[in-house]
Amino acid sequence: MEVQDYNIQVSLQQLISSSQAYHYRVIPIMHENDILTFKSESTSEALRKELAIVFDKEVQLELEAAENIDKYLATNFRKTSSSKAEALHYTDDFLQKIIIAAKDIGSSDIHFEPYEHSCRIRFRLDGKLKEQYIIPLAEYPVIINKIKIKAQLDISEKRLPQDGRITINNVQGEFDIRVSSLPTLHGEKMVLRILSKDANHINLEELGFSEDELYTYKEIIKKPNGIILISGPTGSGKTTTLYATLKLLNDAETNILTIEDPIEYTLEGINQVQLKENIGLDFSSTLRTFLRQDPDVIMVGEIRDAKTANMAIRAALTGHLVLSTIHTNSAWATISRLIDMDIPPFLIASTLNMSVAQRLVRKLCNHCKKEQPIETATLPKDVILPKSVQTHHVAVGCNACYQTGYLGRKAIYEIIPIGTELINQIKENETEISAYLKAKNIHTLKDNAIKLIENGTTSIDEVYALLSN
């Protein structure tokens, strides 16, 4: 039986909670005429009666091997840490149950999406979206309005995007949710980003730096002034790296100010400001105020435009250490991005201390990954791996990794310290630095991706885009 054969319909999945599925070891396979049919390793009358009481329906049981039940459970249900998880029904607390379920299984985002005939809810797990629930069209506006009320959004405004925030305080602790609404063809799409408030568990040593990269990074952040930029796509872990850096710099003698959108973590001893563009509290205007607040370290959530970039440069020139993120494909492309924002190359050269690019890569499950020879067809065109890399590992899927083949993620970095040679190249607007990186033994994202393939940490499929760069 193939892995895909263990998938059941989302409409059946949502009839039973994860804790119920694992407790009773049953898999819903059919729901017709108010009769609920389960696959089970036992067809005892006692189990059937108990399930009938729990679900308030007539229940039928089909016998299935225990080994297959394990695979069904791993493929369709994530184990939760909460002992209070319940089946999801369209009740007043349906929204709260969705949020708790997402937090419980480690989801980073919840997507509510309307279509012509139905609506779906997807969770982002380890960087990939997975469909969790199908809900009736009639129920969708009710859920969206509840989200809007909790996030203090205008429930009458359905034509324009809106942003808000929800604070949850329950048995799982206190955490925040960033809410974003977007008008689409069939209604409003909502995305809820679950934010972990406490950053005390984040450490630079545990993020994925190699020994040399960590040493270089730590040495450069000790400088009292200048700019450190971290680039990468959304969801690549840039903010986590920034907070780990702030945690290291945070002490009683240092005044640290941050301007963020949203505030994803809270750190004791750091002055954090939430961006509010609707009242004029944007990155550039707040940065201007920061300079009058006697700061030592300034963290700007993101450099989005020339105005913010200019203010960051000004802050660095006046003796402050500035940390920020920027959207580029590589560490060196950050220079081009700043030049595109009309920042003079000589100013970039005199203020930029270090440019970092990073990505988050899923790690292969050690319980089931399989080694096999590398074939040319598995690699992007014109990509040649070092001779030392003769084999690679592929994802298989087992109960430990929920049949995905991957378990956990790891950050990989490309760190370019801006030394004298590069300062001259920036001033002269030279873009080709491959020879310099090789001479200085600076590993690019591609180099680090190949290293992960070589040691069996990840698969070629997972880093395919990085190999083709």
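Modeller: By the ring-centre rule, the count comes to seven aromatic pairs; rings of Phe, Tyr and Trp (its six-membered ring) pair if their centres lie within 6.5 Å, and planes under 30 degrees apart count as stacked, over 60 as edge-to-face and the rest as tilted. This is a predicted model, in which local features need pLDDT of at least 70 and side-chain atom pairs count only at pLDDT 80 or more, while totals for chains, interfaces and linings use all residues. Residues are numbered from 1 along each chain as its sequence is written, and side-chain values use heavy atoms, with hydrogens and water left out.

Colleague: Why is the pair of Tyr-243 and Tyr-265 called edge-to-face?

Modeller: The ring centres of Tyr-243 and Tyr-265 are 4.9 Å apart and the planes stand at 70 degrees, so the pair is edge-to-face. Because Tyr-243 lies in helix α8 and Tyr-265 in the loop between β11 and β12 (271-274), the pair ties together parts that are 22 residues apart in sequence. Helices (H or I, at least four residues) and strands (E, at least two) are DSSP runs, numbered from the N terminus.

Colleague: How do you know whether Tyr-243 is buried or exposed?

Modeller: Buried means under 20% relative accessible area, exposed over 50%, and partly exposed in between (1.4 Å probe, protein chains only). Tyr-243 has 1% relative accessibility and therefore counts as buried. Tyr-265, with a relative accessible area of 11%, is buried.

Colleague: What makes Arg-362 a charge over the ring of Tyr-406?

Modeller: The rule asks that NZ of Lys or CZ of Arg be within 6 Å of the ring centre and within 35 degrees of the ring normal. The charged end of Arg-362 sits over the ring of Tyr-406, 3.9 Å from its centre. Lys-103 lies over the face of Phe-175, at 5.1 Å from the ring centre.

Colleague: Which residues of helix α11 are buried, and why are they said to line one face of the helix?

Modeller: In α11 (residues 333-340), Thr-334, Ile-335, Leu-338 and Ile-339 are buried. Seen down the axis of α11, these residues fall within an arc of 140 degrees, so they line one face; the arc is that of the directions from the helix axis to the C-beta atoms. An α-helix has 3.6 residues a turn, so residues three or four places apart point the same way. Among the elements covering the buried residues of α11 are β10 (226-231) and α10 (306-317), where contact means heavy atoms within 4.5 Å.
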